[in-house]
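Thanks for coming. I will go through one model today, one part at a time.

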Amino acid sequence: MEIADVVENNRKAMRMLEVFLKVPEFSVGTTPSEVVYTEDDMRLLHYIPLVKKRHPVPVLIVYALVNRYYILDLQPDKSVVRKLLEDGLDVYIIDWGYPSGVDRYLTIDDYVNGYLDNAVEKVKELSGAEKISLFGVCQGGTFSVMYSSLHPEKIRNLATMVTPVDFDTDDGLLHVWAKSLDADKIVDAYGIVPGNLLNTGFLLTDPFRVLIDKYVGLFEKLESNGDDDHGERENEETVKNFLRMEKWIFDSPDQAGEAYRQFIKDCYQKNLLIKNEMMLNGKRIDLKNITMPLLNVMGEYDHLVPIAASKPLNDAVASTDKETMVFPTGHIGMFVSGKSQREICPRISSWLTARSG
Amino acid sequence: MENSDLQASHDFFELWLKAYEATYGRIVDMPVMGPSREGADRLRKNFEATINLHAAWAQSIASFQSAFAEATRQTQEKVEKQIAEEGASPSSYKDYYDLWMNTYSETFKEFLKSRFFASDLAKLTSNSMDFQKSSRELIEENLLKPANLPTRTEIDDLSKEVYLLKKQVRELSRDLKGSAKKK
């Protein structure tokens, strides 16, 4: 390396420092909403409509317990929620909150037949609809599938996105690792399973890309934006967008121990859900009870929930109106990529609106 | 991962643990007697959990090092091949970085999907939990209780009571609502 290179690298480092020193505050989940129901840590949010004419069947979005719901409304130009609202859908979302030590005994039954059922009842009450649409994402999709099987009379349409139902696959690393995890020991030792522990697992699925390359990519993008005013504005936006994702990735709530234990053992290890053998509080989940219209959306390059884990849902249910959509993107790309806004959201939205009259 | 020897490092740590158990481990396993027997026994168990955790940790590190060594070897091989074919090594930092990143990512993908990593992870997690549980018991019984301070176990018992009570209240409220609707 020559002296000129050292000087150039120093200049770049100083410029990056300047960029980061200038970055203003950023926010996530900015689409206006109001809290219409709370129970323990759970909150039910109702989004303020963006258009006058609304479809009569409301949509309740159910996100996973791992990470936070606002990935579906990360920023105005990357928002699944906003797209649905713009198309006249009446949108609600569940925020599961941050479980603490007192929540360690919550089971999947408490989440599905307790909080989720109460949220559905509240949405029905507020909207006046007899049945609502459930839009489940990731683990929230798995919960939505369980709920739709146990309470089909309340669900008009079921949409699932990157949702695992058949856990017996080696396509995703999480599926491989979970098979040998001793969930009993983890729950007995921690009670509430630390979110950071789970996050470490997610980071390990592609450590060099997510722990090094992502940041190198950011600096390269900032460097390529130029020194002028326009470049400075672009850099500010780039950093804000990056920090929103960074906040979401590391905003990992702890997990209620008993629910975690059951999810790992019954789903990942025994694969009971797809076999129609999973029990919640003495009631068997039979996927053939799902007769309402079903939309199953998945990502071709999803390394967390591979297609093999999602696709079998369509064959397992008794619905006649059922559709699969596979998009060439990854797990996160489903919510925040340009493709998500241009292609994925409009197609989900039109599937829902066509069935929400 | 074809040239790395993950099996050898696994065999080594198995052997190390067996040797430990047959020698020092036997001393640690000796029964404890006397008025402080219970407290000393908990200390003994915690020591055992520490050794198991240490062995699992060392084994994981060794496996990671094998994967690193293999990734470095493959990167070097690619650079040498490039020099042989094109007469020059990667000309810019970016070229070299891309080659390095791709090779390391691919090698580690293979390693992380292997049965060695899954078994390392399971063992390390299991031993960490044993250590954590044993340490908690040790602190609760040997320190907190004698100092008349509340323990995590007691708080957990209370949490369970609260959980069960709340569940009961919810069920009763639901039944009441149902009855009111029927009327």
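In what order do the elements of chain B run from the N terminus on? They run α-α-α-α-α-α. That is six helices and zero strands in chain B. Helices here are DSSP runs of H or I with at least four residues, strands are runs of E with at least two, and both are numbered from the N terminus.

Before going on, some housekeeping. This is a predicted model, where local features need pLDDT of at least 70 and side-chain atom pairs count only at pLDDT 80 or more, while totals for chains, interfaces and linings use all residues. Residues are numbered from 1 along each chain as its sequence is written, and chains are lettered from A and ligands numbered from 1 in the order in which they are written.

Back to chain B. Its C-alpha atoms fill a box of roughly 85 × 65 × 25 Å, taken along the principal axes. The radius of gyration of chain B is 27 Å, whereas a compact globule of 183 residues would have one near 16 Å. That radius is taken over C-alpha atoms, and the globule rule is 2.2 Å times the number of residues to the power 0.38.

Within chain B, the axes of helix α3 (residues 37-86) and helix α4 (residues 93-113) come within 9 Å and cross at roughly 140°. Axes are lines fitted to C-alpha atoms, for helices over the stretch in contact, and angles run from 0 to 180 degrees between N-to-C directions. α3(B) and α4(B) are therefore oblique to each other. For that word, angles under 35 degrees count as roughly parallel, over 145 as roughly antiparallel, 65 to 115 as roughly perpendicular, and the rest as oblique.

Now chain A. It has an open sheet of eight strands in the order β1-β2-β6-β3-β7-β8-β13-β14, with mixed pairing. Two strands pair if DSSP finds at least two bridges between them.

A:Arg43 stands opposite A:Asp95 in β6(A).

Last, the two chains together. The contact takes 22 residues from chain A and 23 residues from chain B, where two residues are in contact if their C-beta atoms, placed from the backbone, lie within 7 Å. On chain A, the elements giving two or more residues to this side are α5 (173-178), α6 (183-190) and α8 (207-224).
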